[in-house]
Every structure is written in structure tokens, then in C-alpha cells.
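Hi there,

Here is the structure I promised to pass on to you.

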Amino acid sequence: MLLIPVRIGPSDIHGLGVFSVHDIPEGTVVWRFTPGFDLDQYPRLLDEQAPHSRKVLLHYGHIDPVLDRFILCCDDCRFMNHSDRPNIRIDRDADRYGVGVAAYDIKADEELTVNYDIYDGI
């Protein structure tokens with residue numbers, strides 16, 4: 001679950017993106033897996049879905065390569081786009097799911113990005 005105020009808007013990267021509402025200082029935790037809100041399932045859940053449902057789930061979720069679990073963020077975090085130089089890094093030491101942390105000072109209205117290479121798709 002995103003822990004900071006964001007807005008969704010058109011992205012120069014792809015379709016829609018997540019944008020900060022306020023300045024975010026470097027090191028601020030911006031996302032944390034929230035049990036009961038975010039989804040944590042066995043990857044075989046995807047095999048049980050109709051092709052269209054599977055495609056949607058994989059578009060918005062990912063297989064966590066460390067946990068071997070399908071993770072789906074159930075808020076606007078699902079609109080976060082990829083960057084080779086992301087402003088959100090994942091701190092794997094902070095939590096079993098990893099915690100999203102501001103990699104540097106982020107300005108208000110800046111698009112929040114993550115490096116998708118940290119995720120392993122199927």
C-alpha cells in the first residue's frame with residue numbers, strides 16, 4: 001500500500017503513472033506490503049485463471065522472485081511505471097516483501113518509478 005499521497009495522471013513513460021503530491025525526502029518509505037489489503041498468493045493461482053484474467057493479473061501484479069509468490073498491490077501503486085533510473089528503490093532488508101523507499105529527493109508532481117528488473121515475470 002502506498003503510504004504517501006499520490007495522484008494518477010498521464011505519463012510520458014507509458015499510459016498512466018503515479019505522481020507525488022508533495023516533496024518526498026530521500027529515504028522516505030513510500031510503499032509497504034499491507035496484509036489484508038494487498039494480495040499474496042501462490043503463483044499457481046494464475047494457472048487457474050481464464051486467459052484474459054491471467055493477462056490482467058500479470059499486467060498489474062508480479063511474481064516475487066525471492067518469495068516465489070504472486071503479489072498484487074491493490075491501490076494506485078499498480079500504475080507505477082518502469083525506469084532504468086528509478087526514484088523508488090526496494091529495500092529487501094526492511095521487510096520480507098521489500099519496502100519501497102525514495103532513492104533520492106523527489107519533487108512534488110514527479111512521476112514515481114521503479115526498476116521492473118527486480119521482479120520476475122512468468
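Below is what was found in it, from the whole chain down to single residues.

First, how to read the numbers. This is a predicted model, in which local features need pLDDT of at least 70 and side-chain atom pairs count only at pLDDT 80 or more, while totals for chains, interfaces and linings use all residues. Residues are numbered from 1 along each chain as its sequence is written, and side-chain values use heavy atoms, with hydrogens and water left out.

**The whole chain**

The chain has two helices and 10 strands. Helices (H or I, at least four residues) and strands (E, at least two) are DSSP runs, numbered from the N terminus. Read from that end, the order is β-β-β-β-α-α-β-β-β-β-β-β. The radius of gyration is 14 Å, close to the 14 Å of the globule rule for 122 residues, so the chain is as compact as a globular protein of that length. That radius is taken over C-alpha atoms, and the rule is 2.2 Å times the number of residues to the power 0.38. Along its principal axes, the C-alpha trace spans about 40 × 30 × 25 Å.

Of the 122 residues, 39% count as buried; buried means under 20% relative accessible area, exposed over 50%, and partly exposed in between (1.4 Å probe, protein chains only). Contact means heavy atoms within 4.5 Å. Among contacts between residues at least 6 apart in sequence, 68% join residues at least 24 apart.

**An open sheet**

Strands of a sheet pair through backbone hydrogen bonds, either parallel or antiparallel. Here, two strands count as paired if DSSP finds at least two bridges between them. Three strands form an open sheet in the order 3-9-8, with antiparallel pairing. Strand 3 (29–32) and strand 8 (88–91) are the edges, each pairing on one side only. Three bridges join strand 3 to strand 9 (residues 99–102), and Trp31 has Gly100 in strand 9 as its bridge partner.

Now find Val101, also in strand 9. Is Val101 buried or exposed? Val101 is buried, with a relative accessible area of 4%.

**Strand 10 and its partners**

Strand 10 (residues 111–114) is covered on both faces: Glu111 and Thr113 on one side and Leu112 and Val114 on the other are all buried. Strand 2 (residues 16–20) pairs with strand 10 in the antiparallel sense over two bridges, and Val18 has Leu112 as its bridge partner. Strand 7 (residues 81–82) is joined to strand 10 by two bridges and runs parallel to it; Asn81 stands opposite Thr113.

**The cysteines**

How many disulfides does a search of the whole structure find? The search finds zero, counting a disulfide as a pair of cysteine sulfur atoms within 2.5 Å. For Cys73, the nearest cysteine sulfur is that of Cys77, 4.1 Å away. Cys73 is buried, with a relative accessible area of 10%. The sulfur of Cys74 is 7.5 Å from the closest cysteine sulfur, in Cys73, too far for a bond. Cys74 is partly exposed, at 35%.

Enjoy exploring!
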